Amino acid sequence: MAALTILYFAWVREAIGRDEEQVDRPAPGARIVDLVEMLAARGGGYAQALGDPARLRAAIDQRFAPLDTPIGEAREIALFPPVTGG
């Protein structure tokens, strides 16, 4: 089964210490939030950045998606803080 690319942006990237990585694809039916929780369980910067999913936004294959979206056959998940304008 193909790996899943995870992209990190802004303070999420800074806390984790990398801008992307390849992870094993989660179980069928897994949602983005399930992946976030799995990554947060690694501890350290992952727990700091991903420990509160309500602070995150996501995109699946370059399209914004709610965290409860199933990952399905996605190739890429991006995780980032909410974007504000000003």
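1. R31 counts as partly exposed, at 33% relative accessibility (buried means under 20% relative accessible area, exposed over 50% and partly exposed in between, with a 1.4 Å probe and protein chains only). R31 forms a salt bridge with D34, with 3.0 Å between the closest N and O atoms; the term requires a side-chain nitrogen of Lys or Arg within 4 Å of a carboxyl oxygen of Asp or Glu. D34 is partly exposed, with a relative accessible area of 27%.

2. This is a predicted model, in which local features need pLDDT of at least 70 and side-chain atom pairs count only at pLDDT 80 or more, while totals for chains, interfaces and linings use all residues. Residues are numbered from 1 along each chain as its sequence is written, and side-chain values use heavy atoms, with hydrogens and water left out.

3. The structure holds three salt bridges. E21 forms one with R18, the closest N and O atoms being 3.0 Å apart, and one with R42, where the closest N and O atoms are also 3.0 Å apart. E21 lies in strand β2 and R42 in the loop between α2 and α3, so this pair ties together parts that are 21 residues apart in sequence. E21 is buried, with a relative accessible area of 7%; R18 is partly exposed at 37%, and R42 is partly exposed at 43%. Through shared partners, salt bridges join R18, E21 and R42 into one network.

4. R42 has a further contact to record: its charged end sits over the ring of Y46, 4.8 Å from the centre. The charged end of R55 sits over the ring of W11, 4.3 Å from the centre. The criterion is NZ of Lys or CZ of Arg within 6 Å of the ring centre and within 35 degrees of the ring normal.

5. Two aromatic pairs are found in a search of the whole structure (rings of Phe, Tyr and Trp, the last by its six-membered ring, pair if their centres lie within 6.5 Å; planes under 30 degrees apart count as stacked, over 60 as edge-to-face and the rest as tilted). Y8 and Y46 are edge-to-face, at 6.5 Å centre to centre and 75° between the planes. Y8 lies in strand β1 (residues 4-8) and Y46 in helix α3 (residues 44-50), so the pair ties together parts 38 residues apart in sequence. Both Y8 and Y46 are buried.

6. The rings of F64 and F80 have centres 5.8 Å apart and planes at 75°, so this pair is edge-to-face. F64 lies in strand β4 (residues 63-65) and F80 in strand β5 (residues 76-80), so the pair ties together parts 16 residues apart in sequence. F64 counts as exposed at 71% relative accessibility, whereas F80 counts as buried at 11%.

7. Five strands form an open sheet in the order β2-β1-β5-β3-β4, with mixed pairing. Here helices (H or I, at least four residues) and strands (E, at least two) are DSSP runs, numbered from the N terminus, and two strands pair if DSSP finds at least two bridges between them. β2 (20-23) and β4 stand at the edges, each with a single partner strand, so one side of each has no neighbour in the sheet.

8. β1 and β5 run parallel and are joined by four bridges, with L7 opposite A78 in β5. Strand β3 (residues 57-60) pairs with β5 in the antiparallel sense over four bridges; A58 has L79 as its bridge partner in β5. Four of the five residues of β5 are buried, so this strand is largely enclosed by the rest of the structure.
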